[in-house]
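I opened my notebook to look up some charged side chains and their partners. Here is what I jotted down along the way.

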Amino acid sequence: GINAEYGQRTKNAELEAEHEDLLAKINITKLKLKDAERSMALKNPLDYSDAEVRKLLVSTNKEKNNLQSELKDYEWRLDSESQKFAKAEEQRKTFMVQLYGATEANRILNTEHRLKHERMQKTKSQNKLLTHQNSEKKVGEKKTTPTKNMTPRKSVKMLDPKKGPVKKSALVKTLPKLEERKKKTNN
């Protein structure tokens with residue numbers, strides 16, 4: 001992510017520098033072409049012999065053609081570099097859109113995972129609460145005896161490990177009469 005963006009910025013800076021360099025070279029070539037044309041105009045054509053004028057004309061035309069060729073080459077390279085720059089800029093924009101999309105997708109997945117985890121925790125706590133409430137409702141029912149693999153806590157007094165810990169019972173001085181108990185259940 002960060003290295004690709006840094007590499008893209010570096011390449012963009014290089015392309016911009018080369019673009020500026022090519023523009024400077026084009027301007028220098030244009031100035032050379034104008035200087036060559038001015039130097040021809042400054043000398044008096046009467047001072048030259050016919051052979052010198054033809055030689056000067058041929059060399060000036062060659063110079064002009066060379067400079068025009070160089071100018072076209074620079075313009076072509078500038079155009080080529082501009083196209084590369086535009087393409088690199090498009091790729092950078094595409095990359096940034098993809099990076100944003102991936103970041104957004106990752107954020108959504110993390111949110112979904114967090115919500116799912118919270119729902120699972122809530123469900124577990126509700127199940128524990130229901131289990132606790134069910135065990136409180138069944139206080140009068142006989143509890144199951146521990147299995148062979150279960151080991152009792154050491155702090156519990158135990159006479160026989162197979163029968164389990166000693167049951168605690170409430171001590172009552174007087175027991176209710178049986179007849180009174182039957183009358184209450186009939187009403």
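Entry one. I started with Arg 114, which is partly exposed at 43% relative accessibility. I keep in mind that this is a predicted model. Arg 114 forms a salt bridge with Glu 118, and their closest N and O atoms are 3.4 Å apart. Both residues sit in helix α2, four residues apart, about one turn of the helix. Glu 118 is partly exposed too, with a relative accessible area of 40%.

Entry two. Which residue forms a salt bridge with Glu 81? I found Lys 84, with 3.8 Å between the closest N and O atoms. I count Glu 81 as buried because its relative accessible area of 11% is under 20%. Lys 84, in contrast, is partly exposed at 48%. Setting aside neighbours within four places in sequence, I see Glu 81 in contact with Leu 15, Glu 18 and Leu 22.

I moved on to helix α1, where Lys 25 and Asp 21 lie four residues apart, about one turn of the helix. They form a salt bridge, the closest N and O atoms being 3.8 Å apart. Lys 25 is partly exposed at 30% relative accessible area, and Asp 21 is partly exposed at 39%. My count of salt bridges comes to five.

Last, I checked Lys 34, which lies in helix α1, residues 2-42. Its relative accessible area is 47%, so I noted Lys 34 as partly exposed. Its C-alpha atom is separated by 9.6 Å from that of Lys 64, 30 residues apart along the chain.

Methods: Residues are numbered from 1 along each chain as its sequence is written. This is a predicted model: local features need pLDDT of at least 70, side-chain atom pairs count only at pLDDT 80 or more; totals for chains, interfaces and linings use all residues. Side-chain values use heavy atoms; hydrogens and water are left out. Helices (H or I, at least four residues) and strands (E, at least two) are DSSP runs, numbered from the N terminus. Buried means under 20% relative accessible area, exposed over 50%, partly exposed in between (1.4 Å probe, protein chains only). Contact means heavy atoms within 4.5 Å. A salt bridge is a side-chain nitrogen of Lys or Arg within 4 Å of a carboxyl oxygen of Asp or Glu.
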